Amino acid sequence: MKHAGTKAGVIGSGDVGKTLANGLIKYGFDVTIGTNTPSKHEAIREKTGGKAKVGSFRDAASFGELVVLAVKGTAVESVVDEL
């Protein structure tokens, strides 16, 4: 099933977030990954073959028609407060 043009925001740029982003890209989603570490933007883009946009948590949340929260459980409350 392809989802061409559907926008997905992935909040979290760790291994889980990047893996989910790549899976979404594989199925045709347009993806923005949100991170709280701006210095990681280029490395994250490379991990998705340049196919994902990278921004803040808020950027990813506002971009997505579908939003995935992929952060450590201990960080959820502070991440949601940022949105």
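**View 1. The right-handed β-α-β unit of strand E1, helix H1 and strand E2.** In this predicted model, strand E1, helix H1 (residues 15-26) and strand E2 together make a β-α-β unit that is right-handed. The two strands of the unit, E1 and E2, pair in the parallel sense, and five bridges connect them. One of the residues to look for along this pairing is Lys7, whose bridge partner in E2 is Asp30.

**View 2. The open parallel sheet.** Four strands take part in an open sheet, in which the order is E3-E2-E1-E4 and the pairing is parallel. Strand E3 (53-55) and strand E4 (66-69) are the edge strands, each of them pairing on one side only. From one strand to the next, the twist of the sheet averages 20°.

**View 3. Strand E1 and its pairing with strand E4.** Strand E1, which comprises residues 7-11, is mostly covered, since four of its five residues are buried. In the sheet order E3-E2-E1-E4, strand E1 stands between E2 and E4. Strands E1 and E4 run parallel and are joined by four bridges, and within this pairing Ile11 has Leu69 of E4 as its bridge partner. On the E2 side, the parallel pairing of E1 extends over five bridges.

**View 4. The salt bridge between Arg45 and Glu42 in helix H2.** The structure holds one salt bridge, and the residues that form it are Arg45 and Glu42, with 3.5 Å between their closest N and O atoms. Both residues belong to helix H2 (residues 41-47), where they lie three residues apart, a spacing of about one turn of the helix. Side chains of opposite charge can pair when their charged atoms come close. The separation of 3.5 Å between the closest N and O atoms of Arg45 and Glu42 falls within the 4 Å limit, and the contact therefore counts as a salt bridge. Arg45 is partly exposed, its relative accessible area being 28%, and Glu42 likewise counts as partly exposed, at 45% relative accessibility.

Technical notes: Residues are numbered from 1 along each chain as its sequence is written. This is a predicted model: local features need pLDDT of at least 70, side-chain atom pairs count only at pLDDT 80 or more; totals for chains, interfaces and linings use all residues. Side-chain values use heavy atoms; hydrogens and water are left out. Two strands pair if DSSP finds at least two bridges between them. Axes are lines fitted to C-alpha atoms, for helices over the stretch in contact, and angles run from 0 to 180 degrees between N-to-C directions. A salt bridge is a side-chain nitrogen of Lys or Arg within 4 Å of a carboxyl oxygen of Asp or Glu. Buried means under 20% relative accessible area, exposed over 50%, partly exposed in between (1.4 Å probe, protein chains only). A crossover is right-handed if, with the strands pointing away from the viewer, the path from the first strand over the helix to the second runs clockwise.
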